[in-house]
Amino acid sequence: MYNFTFHRPTTVRQAAGLLARNPEGKLLAGGHSLLPVMKQRLAQPSALVDLSQVEGMTGVELKGRSVVIGAMTRHADVAKSDVLKEVLPGLASVPGSIGDPQVRNRGTIGGSIANNDPNADYPAACLGLGATIITNKRRIAADDFFTGMFSTALEDGEIIVKVSFPIAKKAAYEKFKHPASGFALVGVFVSKRGPDIRVAVTGAGSNGVFRVKSFEEALKKRFSPKSIEGITVPASGMNSDIHATPEYRAHLVGVLAKRALTKATA
Amino acid sequence: MTANGIGAPVRRKEDFRFITGQGQYTDDVTRPGETRAVFVRSPHAHARIKKIDVAAAKKMPGVIDVLTGAQLAADKVGNLICGWMIHSKDGSPMKMAPHPALAAATVNHVGDAVAVVIAETTAQGKDAAEKVVVDYEVLPAVVDPAKAQGKGAPQIHPDVPDNTIYQWHLGDQKAVEAAFKAAKHVTKLDIINNRLVPNAMEPRAALADYDAGNDSLTLWNTSQNPHVARLVISAFVGIAPEHKLRVIAPDVGGGFGSKIFIYPEEVVCLWAARKVKRPVKWTSERSEAFLTDAHGRDHVTHAELALDANGKITALRAKTIANLGAYMSTFSSSVPTYLYATLLSGQYDIPQIYCEVDAVYTNTVPVDAYRGAGRPEATFVVERLVEVAARQLGLDPTDFRKRNFIKSFPHQTPVIMAYDAGDYNASLKKAMELADVKNFGKRKRESARHGKVRGIGYSTYIEACGIAPSQAVGSLGAGVGLWESAEVRVNPTGSVEVLTGTHAHGQGHETTFAQLVSERLGIPFESVSIVHGDTDKVQFGMGTYGSRSGAVGMSAIVKALDKIEAKAKKVAGFMMEASENDIEFKDGKFTVKGTDKSVGFGDVALNAYIAHKFTGAELEPGLKETSFYDPTNFTFPAGCHICEVEIDQETGKTEIANWVAVDDFGTVINPMIVEGQVHGGIAQGVGQALLEGAVYDANGQLVTGSLMDYTMPRAHDLPSFHVGLTETKSPSNPLGIKGCGEAGAIAAPAAVINAITDALGTEDIAMPATANAVWTAMQKHPPKAA
Ligand SMILES: Cc1cc2nc3c(=O)[nH]c(=O)nc-3n(C[C@H](O)[C@H](O)[C@H](O)COP(=O)(O)OP(=O)(O)OC[C@H]3O[C@@H](n4cnc5c(N)ncnc54)[C@H](O)[C@@H]3O)c2cc1C
């Protein structure tokens with residue numbers, strides 16, 4: 001790890017100010033993506049702006065027809081939330097599949113989304129539910145937020161404050177774990193909220209999380225695993241590495257989508 | 001059996017210290033004025049070093065010195081060596097290329113060290129290491145053993161044409177050819193035994209301390225065999241004479257073979273400590289471990305089995321290319337030869353066997369012994385061939401095995417080994433009962449109802465442990481003897497210290513060895529402590545690997561205890577005014593035959609030291625005995641593992657539905673510890689079969705360079721194991737022990753792959769059988785429903 005200065009603001013404004021003054025600085029949330037790359041000397045931020053003491057950035061709250069989750073809410077706390085388990089169990093099941101207890105007790109939803117790892121779980125949930133990412137500057141629809149591998153619509157110095165998830169009547173997540181890392185080799189989030197049907201896939205695409213329009217179209221008639229039988233997802237555009245071929249990933253998208261649909265409609 | 005004696009499942013003594021965080025590992029040891037070593041490592045698999053500029057690095061804060069390979073050579077520090085000579089078919093000796101601890105001319109694998117920074121802290125050392133400028137001329141690399149000998153392959157070491165270290169063979173080639181000509185059926189297989197990264201929990205570490213006053217060095221080191229380390233470092237590397245070098249291997253957190261070897265880092269720490277006149281410590285990081293710990297396996301094999309009209313095996317032949325990596329590690333040459341081809345008879349009566357092995361250099365991390373070392377590779381060849389042959393002949397794989405089992409002992413195989421005891425039918429039968437093989441069909445149909453295919457696989461393995469006697473291994477090329485030593489020191493108060501030349505790094509010697517002593521001397525288990533891992537305390541020993549500590553190490557203790565008893569009888573004789581020949585020893589009591597006169601062990605110990613009952617002319621005071629024990633043969637643990645798998649047809653994911661292991665380890669000292677060894681071994685074997693595999697890209701970069709890409713087995717990958725034992729005693733050591741440390745890792749891979757191929761109905765699947773690999777195989781060969 002290289003040297004850096006460490007700051008611990010208590011308000012979002014202060015945090016934003018610190019970032020403005022430290023253009024080479026980085027926000028620190030749970031540190032479970034950032035610190036490993038710093039330890040490997042692959043990242044060299046001049047300053048860390050720790051969000052852990054910033055007021056109003058944690059908690060899971062029911063707000064009308066949405067659930068709002070503070071950006072600094074740890075994966076374990078999201079998984080434990082009774083409100084969430086009741087109104088949106090499909091989302092509540094996502095953080096429980098992340099990493100191990102240590103990771104879940106430190107990692108945050110805001111950090112996960114900002115990082116947009118192509119194998120991360122939350123991006124699928126955000127896109128699969130049509131969430132809104134609320135920053136200190138604006139509201140960004142999930143459809144516009146995830147712009148590619150490790151890249152998002154966030155501007156320099158922009159801070160995710162919370163994420164708002166509309167309550168879908170039917171929603172579920174299915175994940176096929178990467179054998180070594182435990183991230184999603186492929187993960188599929190499906191949801192139905194009135195006419196809004198979404199199938200979002202993480203892990204598989206070489207451009208990060210994406211929606212499967214062909215499945216969504218087919219599901220409009222009936223939101224059921226039967227509706228997508230026989231529809232295949234093309235292997236082109238899928239990730240290829242030592243753990244999975246593009247063909248296998250494309251195949252898993254279909255298998256997991258069906259399983260998620262079965263769960264969502266059970 | 002006493003409560004804590006032989007055969008009792010005594011809880012491990014050492015666990016209190018480990019579980020409460022009070023273990024003392026090398027990195028926990030600190031010396032005043034300690035510095036840290038940070039290595040500058042090659043990012044290239046193969047390159048010429050044109051220039052190294054350390055000027056900027058030397059000026060960095062906290063830097064004490066920056067040392068290079070050129071300085072190491074100038075100081076005449078010797079190369080690392082491989083200590084087992086193998087001769088090629090043509091009689092020529094193996095071609096061992098120089099292995100300097102710091103490369104000076106060329107680097108031969110990613111991670112090869114070219115310089116070392118000695119700094120006040122690791123962080124400062126890392127900052128400085130980045131400032132070392134190495135000018136490389138990158139050369140083409142070869143990583144695949146099957147391509148290393150080809151015309152187009154780059155030559156790695158100047159004096160090793162075709163990158164071929166040796167072309168060795170064993171067996172009667174003509175007789176085998178004749179048997180194949182006469183065969184009714186021939187089964188052929190191409191097998192890749194995947195390359196593995198050991199990943200012991202504790203990474204390697206070294207701390208070197210130079211005592212200028214005495215011109216002596218002390219090395220704390222994560223070693224499985226500190227005496228061998230001292231011998232090699234003094235006799236070959238020439239760092240210090242043996243009596244001026246103390247090697248201490250304190251608590252060591254797992255080795256699996258990878259900590260047998262003498263590595264560049266410990267040599268460099270010793271050399272640097274003398275240069276900078278301060279203690280130098282290095283602790284490997286996990287990513288460094290991936291690039292520097294010796295890897296395991298990595299064989300490419302074509303194997304064939306010849307059968308007659310009655311389904312009897314008449315011959316086996318195999319041609320293997322073994323990847324030894326960029327340099328020959330300490331025992332690397334023996335693994336694909338005498339630890340491999342000698343086991344190709346398995347549990348079967350095979351009249352003729354012929355095996356050819358080419359060992360090659362590649363631009364990869366050196367490869368050496370890893371849990372099982374050669375025997376997992378042999379077992380995989382034999383057990384896959386046998387299973388496939390049975391399927392091709394339409395025979396039940398267990399009937400086929402029974403038909404070919406060795407049934408009488410001793411049995412001389414055509415590949416050196418003389419099996420001395422065993423009952424292969426017994427372990428197969430017991431395993432089949434435990435696995436409820438009868439109802440497998442029912443379970444298969446049930447799986448099919450859930451969209452899953454089920455398979456069952458057998459592995460009736462054999463291994464050779466307690467590698468010995470010394471004369472025999474010497475005739476096969478070993479540079480050392482493979483006996484073991486023990487010293488039993490009885491204190492005046494009757495408590496006992498046992499000094500052993502074996503080394504525990506997870507095996508529980510402090511418990512099992514104490515069980516033996518407690519039972520033999522009739523003293524409380526708590527009164528015995530086991531001392532190991534320090535060349536200043538233990539005179540000499542060969543360390544722990546190859547499941548040798550029970551069979552060889554405990555036998556040495558038995559011999560020393562015999563001498564203790566003999567001497568104690570003399571002392572007791574003087575105490576009770578009786579002839580030593582009239583003294584009987586039982587349950588910790590010395591009794592004059594036919595009388596009720598007796599004295600306890602503690603009293604005798606005290607009298608041995610106060611020496612009031614005898615003169616110095618009659619008897620030497622004290623009670624301490626030593627034994628160097630050399631066994632009469634290898635031991636031959638064997639058994640049967642049965643694996644049942646269930647495969648998800650949609651995803652290709654394999655679940656292990658059931659695992660039965662019935663092993664014959666001879667005498668078992670502590671069944672709980674033995675079961676733990678079996679569990680761990682199976683986990684590593686399942687890891688090899690389903691999950692693990694080191695992958696290099698064509699440029700020689702290790703793609704699986706971290707635990708995010710290299711899949712270690714986890715608890716959720718494994719079922720609850722059903723473990724049973726059968727027992728035939730080893731006739732070649734006094735306790736009848738065979739050894740249990742490697743059996744699981746040896747047996748498991750074949751059992752898993754036999755089960756998967758049974759489920760899929762195709763033999764076309766390589767290790768690791770990942771979900772993707774199984775799915776791809778199913779696309780090519782759709783499995784039939786139950
Ligand atoms: C062993 C291990 C296993 C894991 N397994 C999984 C898994 O299975 N699935 C999965 O999805 N993830 C997994 N992760 C990643 C984990 O979920 C991380 O916690 C997460 O990706 C990042 O969240 P964090 O709070 O730790 O962020 P940090 O590491 O602190 O930050 C990550 C990045 O986001 C930025 N950032 C943080 N907060 C904000 C904010 N509020 N606004 C704007 N930018 C911000 C930071 O500056 C940094 O660039 C794993 C991690 C580890 C170490």
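Analyst: The following account describes the interface between the domains and then a residue in the loop beside it in the discussion. The model is a predicted one. Chain A is divided into domain 1, residues 5–50, and domain 2, residues 60–265. Taken over C-alpha atoms, the centres of domain 1 and domain 2 of chain A lie 26 Å apart. Domain 1 of chain A brings 9 residues to the contact, and domain 2 of chain A brings 14 residues.

The size of an interface is often expressed as the accessible area lost when the parts come together. Between domain 1 and domain 2 of chain A, the buried area is about 790 Å², and carbon and sulfur atoms give 76% of that area. Of the area that domain 1 of chain A buries against domain 2, 50% is supplied by Val12(A), Ala29(A) and His32(A), more than by any other three residues. Helix H1 (residues 12–21) of chain A provides the largest share of the touching side of domain 1, with 4 residues. By class, that side of domain 1 has 6 nonpolar, 3 polar and no charged residues. Across the interface there are 0 salt bridges, and 1 residue pair is in polar contact.

Val54(A) is found in the loop between strand E3 (47–50) and strand E4 (60–63) of chain A. Val54(A) counts as buried because its relative accessibility is 6%, and the cut-off for buried is under 20%. Leaving aside neighbours within four places in sequence, Val54(A) is in contact with Pro9(A), Thr10(A), Thr11(A) and Val12(A). Val54(A) and Val12(A) are 42 residues apart along the chain, yet their C-alpha atoms are separated by 6.4 Å.

Methods:
Residues are numbered from 1 along each chain as its sequence is written. Chains are lettered from A and ligands numbered from 1 in the order in which they are written. This is a predicted model: local features need pLDDT of at least 70, side-chain atom pairs count only at pLDDT 80 or more; totals for chains, interfaces and linings use all residues. Side-chain values use heavy atoms; hydrogens and water are left out. Domain bounds come from an automatic or database domain assignment. Contact means heavy atoms within 4.5 Å. Buried area is the accessible area (1.4 Å probe) that two parts lose on being put together, summed over both. A salt bridge is a side-chain nitrogen of Lys or Arg within 4 Å of a carboxyl oxygen of Asp or Glu. A polar contact is a pair of N or O atoms within 3.5 Å; within protein, one must be able to donate a hydrogen and the other to accept it, and residues adjacent in sequence count only if both atoms are side-chain atoms. Helices (H or I, at least four residues) and strands (E, at least two) are DSSP runs, numbered from the N terminus. Ala, Val, Leu, Ile, Met, Phe, Trp, Tyr, Cys and Pro count as nonpolar, Asp, Glu, Lys and Arg as charged, and the others, Gly among them, as polar. Buried means under 20% relative accessible area, exposed over 50%, partly exposed in between (1.4 Å probe, protein chains only).
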